[in-house]
Amino acid sequence: MTADITYLASDDLKGRASFSPEIEVAASYISQRFADIGLKTFNGLATYKQTFTINSIFPSDFSVNLNGKNITKKNIAIASTMKSLAWTDTQAIKVHLIGKNDDFRDVLRKVNNQGGQNLMLVDPKHQDIFGKYQQFLNQGLTKLSLGKNKTDHQGAIVLVLTNETSIKKVNINVVTSVNTKTLSNVVAVLPGTNKADEIVMFSAHYDHLGTSPDGKEIYNGADDDASGTTAIINLAEYFAKQGNNARTLMFAAFTAEEIGGYGSRYLSQQLNADDVVAMINIEMIGKPSKFGEGTVWMTGMERSSLGKMLNKSLEPYEKKIYKDPYPEQGLFYRSDNATLARLGVPAHSFSSTQLDKDQHYHQPTDDLKSLNLPSMYSVIELLSLASKDLVNGKITPTRVDVSKVDGHGKIY
């Protein structure tokens, strides 16, 4: 365990940013560990690396004229997956108002979930939050490239900070540029015996934030999420040595969690979610939780019976998995488990981080010396004990009710 996390969180890997040369080095390390353990590749692939492409879409040129008045670019924010927009007829678009008393995030979320072509008139009272979204959207959108599905969910949102509340004339033109890049998950399989068609997935993301713009500071991501990646490697080694797993075990090191969860989204489309009995997604276990050293909690415990069943398996050891102590943080949706949960899989994240107190989260100080390795080891051991009956096919958790899980936005 110590060797794995020491390497993955080392300065040599420069924070494992998506698209960087160093993340490919990390992927090769994880692949070699899987090979040494003797795991199979996924779906007959030649390697453990599951490579796919994504599109980064940026508004390269745009102009907005409302009721005959040109709008300055500082009052415009654009989210578009389309090559170009040319709106001259209000009948062809949906116009929405975000009034001074409206919840900006809520209105925008609903429009994003609906998709289509949308003009949003934002009251100047929301200038501060508008500016934050503008900064976010100016970085461009990222979309999976999936052949026949690459045009799915095409749509656009043009946000305008304005006092206008009624639009009679519109002239909006947007041109986007598209850059295509590749990313790789690292996925390995330990075939099951008498229940080989049923999958238990252990996952973590191996990407992080890279370096500061000047390259002087490294965001090592020791806890986030070299700790989780280390856990799945060592759980793979443990279960392979046991050699008695009834169900097939999948070990997935996801890429691009930090930029939108594209690794887990891609993998979810390469398998039948109905075959996945459970997903144990391990996210930040490098430091003790509020419940003490070696303890762990899980997100969304109320959404399936997985937590209850795992705790039943832990009773002989007088241990337990705790309920998420930070429900206000919305953590169920903030890691790779959410993608599979949206497909009905009992998919949950398991963590020990104290997010309300952690001074190292997404900081250069998230390095090896900030961790408590004995506590981390105990968490991995606990997860191996908790999942024993799941791995051996003795328990089957209830599915997640997809009608109660928020979907992905259709535009961004």
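I began with Arg 334, which lies in the loop between β17 (321-323) and α8 (337-341); helices (H or I, at least four residues) and strands (E, at least two) are DSSP runs numbered from the N terminus. I worked on a predicted model, in which local features need pLDDT of at least 70 and side-chain atom pairs count only at pLDDT 80 or more, while totals for chains, interfaces and linings use all residues. Residues are numbered from 1 along each chain as its sequence is written, and side-chain values use heavy atoms, with hydrogens and water left out.

I looked up the exposure of Arg 334 and found it partly exposed, because its relative accessibility is 37% (buried is under 20% relative accessible area, exposed over 50%, partly exposed in between, with a 1.4 Å probe and protein chains only). Leaving aside neighbours within four places in sequence, I found Arg 334 in contact with Glu 257, Gln 329, Leu 355 and Tyr 361, where contact means heavy atoms within 4.5 Å.

Next I looked up the largest nonpolar core, which has 56 residues, and noted that Ile 321 and Phe 350 are among those with the most contacts inside it (such a core is a set of buried Ala, Val, Leu, Ile, Met, Phe, Trp, Tyr and Cys residues joined through side-chain atoms within 4.5 Å). A second, separate core of 20 residues includes Leu 267, Ala 273, Phe 332 and Ala 347.

Last, I checked α5 (residues 222-242) against α9 (residues 373-386). The contact is made by Ser 227, Thr 230, Ala 231, Leu 235, Tyr 238 and Phe 239 of α5 and by Met 376, Ile 380 and Ser 384 of α9.

Methods
Axes fitted to C-alpha atoms, helices over the stretch in contact; angles between N-to-C directions.
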